[in-house]
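Please look through the sequence and the model shown here before reading on.

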Amino acid sequence: MPGYIILDVKTRKAVAICCGVSIAVFLLGIAIGYASGNGNTDEVPTAKNTILEQLQSSTCYNSYFDKSDSKVNRFYGTFLERHRKKLTCVKGRNECENLYLPRNYNAYHLNGRTINIDGVLNDDAWKEVPWSADFVDIRSERFPTPFFTTKIKLRWDDNNLYVGAYIQEKDIYATKTTHDDRIWEDNGFELLIDVDGTMFNYKQIQINAFGTTMDQLLYKSPYEDVDTSASGKADDKLKTWEANLTSRVYVDGTINQPGDKDKFWSVEMSIPFETLSFGSERNLTDPNPNDNEAWFMQFGRSEHNLTVENGRYVPQALSQKNWWSWQPCGAINLHLQDRWGLVQFKRNMNDKKFRFPKWHVYRALFDVMNGMDAYRALNGKFTADISELDIPPYLMTETCVKIPEIGLVKRANKTKGFEIGVKSLVSTQLPTGRIREDRYVQFSNLR
Ligand SMILES: *[C@@H]1O[C@H](CO)[C@@H](O)[C@H](O)[C@H]1NC(C)=O
Ligand SMILES: *[C@@H]1O[C@H](CO)[C@@H](O)[C@H](O)[C@H]1NC(C)=O
């Protein structure tokens, strides 16, 4: 049975607690930030010029933080990064589209070229497109750079998404040989795809160096409580799904043979849009992306440190595994969809510009969602009053979007959740922006 991410329920609870703590620390930081402001509530905090600079120049900062210590440096850097993100001023509508834009990649249509799925990325179709940025530590670029390079290329045609991956490795290791087995226990490469922007019914595909694959559809959001669902089972959010993909792995080295030095393994996949779109809100008679459409995607690699015993590789404990990803997402959890990167499908090879005019709508929804989650963590319930939320000031200045309207909804199955609406968007023609409310329905702790 396919499991869910790499963590069992207990570990995930621990992660949730740890994240609660970091949210609390973060809120404290914000409180300090506000307290050190000039108290004029009509003024948008000018983060770069006052709060951060004040913090940086304070005696407290200088005596407390030993910046020569790399750990302290990383902690402080992350702290500042969060503040900056939270308090950035949006000066004009032209800044909205790129507000904290995550990593992105332009996937070009094959325009008649072909890709031979043999695991070797030597096809002309691959040679003419650039690599993605190298993967980084899943938590943040502030963590040590991964000790092996991982990068991808993407293309598409009228039937398939093509994925090419380069996975540098000196000790190639794999154990699973049965489809849908627990590939996340091996060293593996994986991708997660949301085809309709609802962040629901998203797909996850994993592959190891043997070429063994695991594919699954995840119905619910990872933000929902897992073990209070109807069946009480953690895997309740999974649906059986077959990607019906074609894939091959090429190995430059030897699998499971210590003593020699391997170079890399590479992956080629073609994944039908028809299966990718299964269960989504796309029109299934036309499951392909439109020209210039952007999809949320994440790519990851998990890597054991190996030791050798009796001539065989022995992996470290799962909890010690290295997790690297295309878009860093602040937690060891590839499923946090609001922290994925973006892939734009393009037909014109000469169009190098990434553009996602709806991005700030999603950003606004994510920011309200995070504010809601933080509110609930502290208060044990949601609120329908946006002024009670700790959200970035740009959301209240109406530069990018109208002030979001929040509604608490009571659902037929007697659970409550919330719905966020961003009405009459200022800078796009979209009438509304909304993420399906059931994504955010919580099943417990509601009053
Ligand atoms: C994959 O192929 C099988 C066999 O042809 C088919 O029954 C199934 O519906 C396909 N999966 C999806 C998600 O379309
Ligand atoms: C894993 O190996 C890398 C590279 O050799 C090393 O930097 C890292 O500290 C190791 N991690 C653990 C948990 O042993």
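## Helix H4

The buried residues of helix H4 are Tyr-76, Gly-77, Thr-78, Phe-79, Leu-80, His-83, Lys-86 and Leu-87, where buried means under 20% relative accessible area, exposed means over 50%, and partly exposed covers what lies in between, with a 1.4 Å probe and protein chains only. Helices are DSSP runs of H or I with at least four residues, strands are runs of E with at least two, and both are numbered from the N terminus. H4 covers residues 70–87, which makes 18 residues, and it reaches 25 Å from its first C-alpha to its last, close to the 26 Å expected at 1.5 Å a residue; the expected span is 1.5 Å times one less than the number of residues.

This is a predicted model, in which local features need pLDDT of at least 70 and side-chain atom pairs count only at pLDDT 80 or more, while totals for chains, interfaces and linings use all residues. Residues are numbered from 1 along each chain as its sequence is written, chains are lettered from A and ligands numbered from 1 in the order in which they are written, and side-chain values use heavy atoms, with hydrogens and water left out.

## Helix H7

Helix H7, residues 359–379, has 21 residues and spans 30 Å from its first C-alpha to its last, close to the 30 Å expected at 1.5 Å a residue. H7 is mostly covered, since 16 of its 21 residues are buried, and the residue that follows it is Gly-380, whose phi is positive, near 75°.

## The disulfide

The structure holds one disulfide, which joins Cys-96 to Cys-400 with an S to S distance of 2.0 Å. This pair links distant parts of the chain, 304 residues apart, with Cys-96 in the loop between H4 and strand S1 (104–109) and Cys-400 in the loop between helix H8 (394–397) and strand S16 (405–410).

Cys-96 and Cys-400 are both buried. The torsion about their S-S bond is about -90°, so the disulfide is left-handed.

## Two asparagines with positive phi

Most residues other than glycine have a negative phi. Asn-256, however, has a positive phi of about 60° although it is not a glycine; it sits in the loop between strand S9 (246–252) and strand S10 (264–272), and at 31% relative accessibility it counts as partly exposed.

Asn-292 also has a positive phi, near 75°. Asn-292 belongs to the loop between helix H6 (273–276) and strand S11 (294–303), and with a relative accessible area of 36% it is partly exposed.

## The surroundings of two ligands

Which residues surround ligand 1? They are Trp-241, Glu-242, Asn-244 and Thr-275, a residue being counted if one of its heavy atoms lies within 4 Å of the ligand. An oxygen atom of ligand 1 is 2.2 Å from an N or O atom in the side chain of Asn-244. Taken alone, ligand 1 exposes 360 Å², of which the protein buries 39%, with areas computed by the Shrake-Rupley method and a 1.4 Å probe.

Around ligand 2 are Phe-147, Asn-305 and Gln-316. An oxygen atom of ligand 2 lies 2.4 Å from a polar side-chain atom of Asn-305, and a polar side-chain atom of Gln-316 lies 3.3 Å from an oxygen atom of ligand 2. The protein covers 40% of the 360 Å² of accessible area that ligand 2 has on its own.

Methods
Polar contact = N/O pair within 3.5 Å; in protein donor to acceptor, adjacent residues only side chain to side chain. Disulfide = S-S within 2.5 Å.
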